Amino acid sequence: MQRLLALLTWLAYPVYVWQGLGVRRRTTRMLPAQGPVMHDLSGNAPAISLLVLGDSSAASVGIGNSENGLAAQLAVLISQNTGRAVRWRAAGFNSATSGQIRDHVLPNLSADPWTHIVLAIGTNDTKNFHSVPRFKREFGGLLYALRAKWPEARVVWSPVLEFTRAPAMPSLLGKILEIRATEMNRMGERLCLERGAVPAPRLPITNPEEGFASDGFHASEAGYRAWAEHLVGQVLAS
């Protein structure tokens with residue numbers, strides 16, 4: 001039934017274009033947060049090395065300072081939970097898709113010995129109406145590339161968020177994209193299990209007013225904190 005609904009969303013493509021253009025006109029484009037994109041937290045040895053890789057959420061778009069973003073808050077929680085030193089880096093880019101991270105970002109990252117990698121990717125693949133076969137090819141290729149470059153790292157993927165909960169989304173557009181996100185997440189989970197990565201549970205959005213930034217689409221400081229709290233158990237699980 002869900003797959004049939006996903007196919008039927010193509011019939012709603014004109015609605016997607018019309019309402020999507022309206023959202024774009026009304027929404028202020030936000031820049032990545034100011035502040036460090038890598039940092040070290042003191043603690044016991046051996047240190048944990050954390051790479052947060054992906055789209056604008058990895059770049060802490062929606063807030064003013066990167067120290068309140070996903071990577072930084074996740075690093076603090078890891079340090080508090082383990083007592084170990086944590087070195088973190090955020091490699092995030094506005095509007096990035098899985099294929100762009102695979103083709104243009106990953107090849108240019110130095111092969112630092114990351115022990116833990118968090119992937120925040122898939123939202124733009126969904127928002128840009130990429131097909132599931134395209135997502136399979138591009139996200140699946142990204143997973144292969146990560147495993148080849150960092151074979152011993154724990155790779156955790158955070159699935160696509162719930163579009164219907166984003167304040168910026170008109171109801172119908174949110175429902176169309178949510179149908180497609182469900183299919184993307186199903187495929188992403190399958191690919192993770194096949195290719196040595198861990199699919200995290202989907203982040204529950206209980207308070208959209210608090211959890212989203214002023215643009216109604218990106219996370220707020222509270223939203224990034226909730227996201228980090230949601231992921232830390234998956235990141236540290238053995």
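A crossing of two helices is right-handed if the near helix is turned clockwise from the far one by less than a right angle. In this predicted model, the crossing of α3 and α9 is of that right-handed kind.

Let's stay with that pair for a moment. Helix α3 covers residues 70-82 and packs against α9, residues 221-236, at an angle of about 45 degrees, the axes lying 8 Å apart. That angle makes α3 oblique to α9. On the α3 side, the residues involved are Leu70, Gln73, Leu74, Leu77, Ile78, Asn81 and Thr82, and the α9 residues they meet include Tyr224, Trp227, Leu231 and Val235. Sorted by class, this contact comes to eleven nonpolar, three polar and three charged residues.

Ala120 sits in strand β4 (residues 116-120) and is buried, since its relative accessible area is 4%, under the 20% cut-off. Setting aside neighbours within four places in sequence, Ala120 touches Leu53, Gly54, Asp55, Ser57 and Trp227. Asp55 is 65 residues away along the chain, yet its C-alpha atom is 6.3 Å from that of Ala120.

Then there's helix α7, with 24 residues (171-194): at 1.5 Å a residue it should span 34 Å, and its end C-alpha atoms are 35 Å apart, so the two agree. After α7 comes Gly196, with a positive phi near 80 degrees.

Here are the distances in one place:

| Items | Distance |
|---|---|
| Axes of α3 and α9 | 8 Å |
| C-alpha atoms of Ala120 and Asp55 | 6.3 Å |
| End C-alpha atoms of α7 | 35 Å |

Note on methods: Residues are numbered from 1 along each chain as its sequence is written. This is a predicted model: local features need pLDDT of at least 70, side-chain atom pairs count only at pLDDT 80 or more; totals for chains, interfaces and linings use all residues. Side-chain values use heavy atoms; hydrogens and water are left out. Axes are lines fitted to C-alpha atoms, for helices over the stretch in contact, and angles run from 0 to 180 degrees between N-to-C directions. Helices (H or I, at least four residues) and strands (E, at least two) are DSSP runs, numbered from the N terminus. Angles under 35 degrees count as roughly parallel, over 145 as roughly antiparallel, 65 to 115 as roughly perpendicular and the rest as oblique. Contact means heavy atoms within 4.5 Å. Ala, Val, Leu, Ile, Met, Phe, Trp, Tyr, Cys and Pro count as nonpolar, Asp, Glu, Lys and Arg as charged, and the others, Gly among them, as polar. The expected span of a helix is 1.5 Å times one less than its number of residues. Buried means under 20% relative accessible area, exposed over 50%, partly exposed in between (1.4 Å probe, protein chains only).
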